[in-house]
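The following note is for a colleague opening this entry for the first time. Please keep the sequence and the model side by side while reading the numbered points.

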Amino acid sequence: MAFSDEPISCEAAMSDICRVYELEGVQRVTGETIRPGGLALTQRALALADLPAGARALDVGCGAGATVAYLAESGLRAVGLDPSAKLLRQRDNLSPQLAFSQGRGENLPFAAGQFDALSAECCLSLMDDVAGALAEFARVLRPGGTLLLSDMLAGNPAGLTAARRLPLSCCVTRAFSRAQIASLLADAGFAITFWEDNSEALKQLTVQIIWEYGSLANFWRCSGEDGAEVGTAVAALKPGYFLLLGRKRDTKLHGEDTEHAGTAIRNTSSA
Ligand SMILES: C[S@@+](CC[C@H](N)C(=O)[O-])C[C@H]1O[C@@H](n2cnc3c(N)ncnc32)[C@H](O)[C@@H]1O
């Protein structure tokens, strides 16, 4: 499918994890983007990516579409995709020129090599098949295309086992360790060209949540969970937030990638 505004026809099979982000209380705290860092982090990623005007960009897990609007304002030909019909409907306040599609990151309704860039902001962690989704990202990007990825970081990967046992399934409980995301990206045929720890943005969001809800436990309780249990497991995880840029390799090689062996990773932190 090209850059048409597809009608939201299907109720794409969606697990409950998406519903948390549809909550009015959650969006009241996060603002127009439903994640840490807001559009300032998108702006930073775009500046680093240095995409040419008119580049074709897909925003996977676009939520209510704020990033898609921002990409378009930045001169890109942007399209957004999300499984949540409710979030996609919220784009009513955005330009009708913007293109959106309902679907899941694990099964992108786009032809191979169609995009110059793909952003996934705080949504890869929510996907049921992360490796499959990254393979899809690689498929729809042209060779050399840019991946702009930000998501939850497990500062203490040892805490992941307990977090994943929680009844609550959200981006926090499905955070990635740095080693894990690096390995997943390599397997999908991406070279990481930039890495940055943005955990400060998560701290700011946490303060906003406490301001709004009185405590983190109250926030988790409002999401329908045992606040104390979730809070303990999440704290043990030492959650953070990362931004990385990746480049789709020209050829997916098994073992060492000799073509890009000299690729330097720009790294502004060692989370
Ligand atoms: C934390 S919100 C981030 C939304 C948006 N990227 C932003 O920056 O505001 C996570 C988003 O991922 C979407 N999502 C959940 N599962 C998904 C999947 N399998 N494929 C694509 N998006 C998914 C949710 O519907 C939600 O819009």
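Against which elements do the buried residues of α3 pack?

1. They pack against α2, β1, β2, β3 (99-102) and β4 (115-121), where helices (H or I, at least four residues) and strands (E, at least two) are DSSP runs numbered from the N terminus. The model is a predicted one, in which local features need pLDDT of at least 70, side-chain atom pairs count only at pLDDT 80 or more, and totals for chains, interfaces and linings use all residues. Residues are numbered from 1 along each chain as its sequence is written.

2. Helix α3 (residues 66-73) is largely enclosed by the rest of the structure, because 6 of its 8 residues are buried. A residue is buried if 20 or more other C-beta atoms, placed from the backbone, lie within 10 Å of its own, exposed if 12 or fewer, and partly exposed in between. The buried residues of α3 are A66, T67, V68, A69, L71 and A72, and just after this helix G75 takes a positive phi of about 95°.

3. Strand β1 (residues 56-60) is likewise largely enclosed, because 5 of its 5 residues are buried. R56, L58 and V60 point one way from β1, while A57 and D59 point the other way, and all are buried. The strand runs parallel to β2 (residues 77-82), to which 5 bridges join it; two strands pair if DSSP finds at least two bridges between them. Within this pairing, L58 stands opposite V79.

4. Not counting residues up to four places away in sequence, L118 touches L58, V60, F137, V140, L141, G145 and L147, a contact being two residues whose C-beta atoms, placed from the backbone, lie within 7 Å.

5. L41 is found in helix α2 (residues 38-49) and counts as buried because it has 22 C-beta neighbours inside 10 Å. Apart from neighbours within four places in sequence, L41 is in contact with S150, N198, A201 and L243. L41 and E121 are 80 residues apart in sequence, yet their C-alpha atoms are 9.5 Å apart in space.

6. C122, with phi near 55°, lies in the loop between β4 and α5 (130-140), and C122 counts as buried because it has 25 C-beta neighbours inside 10 Å. K238, with phi near 45°, lies in the loop between α10 (227-237) and β7 (239-248), and K238 counts as partly exposed because it has 16 such neighbours inside 10 Å.

7. Around the ligand there are 25 residues, of which T33, G61, G63, G105 and C123 come nearest; a residue is near if its C-beta atom, placed from the backbone, lies within 6 Å. This shell divides into 14 nonpolar, 6 polar and 5 charged residues, with Ala, Val, Leu, Ile, Met, Phe, Trp, Tyr, Cys and Pro counted as nonpolar, Asp, Glu, Lys and Arg as charged, and the others, Gly among them, as polar.

8. For the protein as a whole, the secondary structure comes to 10 helices and 8 strands, and 42% of the 271 residues count as buried.
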